[in-house]
Amino acid sequence: MFGQTSTTTTTPPPTDRGLEDLDAAALAYAARIEGLPPERRGEARDDLVRFALPFAGRLARRYRGRGEPLEDLEQVARLGLVNAVDRYDPERGSFTAYAAITIVGEIKRHFRDRTWGVHVPRRLRDLILEVGQATAALTSELSRAPSVAELSARLETPQAEILAALESAAGYSPASLNAPVGGESSAEFGDLVGESDNALESVDDRVTVSGLLHRLPWRERRILAMRFYGNQTQAEIAARFGISQMHVSRLLSRALTWLRQAMLADAPPPWQNGAAEPDPGKTRISVKQNGDRVVVEVGGEIDRDGADQLRRAMLEAVTGQPSEVVVDLVGAGGFDAGGIAALMAGRDAAERTGVPLRLTRVQPAVRRSLTAAGLAPARD
């Protein structure tokens with residue numbers, strides 16, 4: 001009627017746990033797996049791990065609120081529990097104490113190795129913990145925050161290392177560059193961080209060039225500005241000044257050559273000596289008598305400086321009452337407002353004296369400017 005009584009000890013079921021006597025459960029686990037082959041010990045191991053999970057959870061909750069999600073801490077605590085079960089030896093003492101040390105060690109290792117946003121050497125991380133503890137103690141004793149010198153004296157550590165620890169502590173949880181600045185602004189923290197300005201290397205050159213540009217004549221300065229700041233083509237510049245594109249190219253080349261020479265010299269050379277060849281833009285006006293006609297030959301650029309010279313030459317030609325005044329513009333590269341005004345003054349003087357006046361051999365670009373001003377050149 002009575003069979004043999006089984007002596008096998010099992011882990012208490014979850015409903016009978018009460019206060020969870022882990023030491024008794026661990027001893028029952030050790031007795032249960034004694035004599036069993038390794039492949040059959042898994043079920044008993046799983047029972048003990050499930051039985052001790054609430055204990056691991058309580059230890060994990062002690063460290064919540066330190067910047068790590070509770071779920072991650074519980075996962076680390078469970079890993080420590082598994083390690084404690086696998087290494088448990090009943091002859092070496094209480095399982096509860098051994099499991100608590102193992103689980104807490106895993107949690108602290110997780111904080112030390114996994115939660116730093118910036119890599120910091122382990123020696124420095126340990127010093128950061130010591131500095132934190134010393135700061136709390138000194139703050140309580142002094143009723144104020146301790147200085148670096150006081151922390152150095154308490155820890156018997158050089159002040160340079162204390163400063164390094166305080167600076168490195170900021171690497172534990174660095175701010176994200178994508179974090180919003182605040183409020184309803186769409187700006188991010190990274191937008192406020194400066195960056196290297198490669199243009200700083202050219203500041204000296206820019207300042208030097210700016211001073212040299214003021215030494216150039218107005219026309220050359222304007223052409224350089226239109227070409228390199230206005231991004232206009234040489235053809236557009238030529239049409240604006242009423243000169244040929246080739247002439248614009250020569251003016252640009254001459255101005256840039258002078259600027260390069262002036263940048264490399266201790267004292268910039270005079271503009272007149274900036275090019276070895278004659279200036280093709282220089283105003284050239286001559287009055288020639290050809291029988292009863294007067295020919296006024298005009299060359300170069302007729303700007304404000306050359307306008308007075310042209311006006312005097314045309315008035316002189318008209319005053320002699322010739323049969324005709326011919327203004328030969330084959331060498332004229334362009335007219336500004338002053339040059340056109342000089343031509344109009346000569347035309348008005350010819351009309352008052354009744355002397356015929358004819359503009360001939362006009363370059364196409366100059367012809368457009370004169371036609372727009374009401375000075376219709378003769379068709380050659």
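At what angle do helix 6 and helix 7 pack, and how far apart are their axes? In this predicted model, local features need pLDDT of at least 70 and side-chain atom pairs count only at pLDDT 80 or more, while totals for chains, interfaces and linings use all residues. Residues are numbered from 1 along each chain as its sequence is written, and side-chain values use heavy atoms, with hydrogens and water left out.

Helix 6 (residues 148-155) and helix 7 (residues 159-168) pack at about 110°, and their axes lie 9 Å apart. Helices (H or I, at least four residues) and strands (E, at least two) are DSSP runs numbered from the N terminus. Axes are lines fitted to C-alpha atoms, for helices over the stretch in contact, and angles run from 0 to 180 degrees between N-to-C directions. The two helices, helix 6 and helix 7, are therefore roughly perpendicular (angles under 35 degrees count as roughly parallel, over 145 as roughly antiparallel, 65 to 115 as roughly perpendicular and the rest as oblique). Contact (heavy atoms within 4.5 Å) involves V148, A149, L151, S152 and L155 of helix 6 and Q159, I162, L163 and L166 of helix 7.

Helix 8 (residues 203-213) packs against helix 11 (residues 245-264) at about 120°, with axes 10 Å apart, which makes helix 8 oblique to helix 11. From helix 8, D205, T208, V209, L212 and L213 meet W258, L259, A262 and M263 of helix 11.

Strand 3 (residues 324-335) pairs with strand 4 (residues 357-360) in the parallel sense over 4 bridges; pairing requires that DSSP find at least two bridges between two strands. D328 has T360 in strand 4 as its bridge partner.
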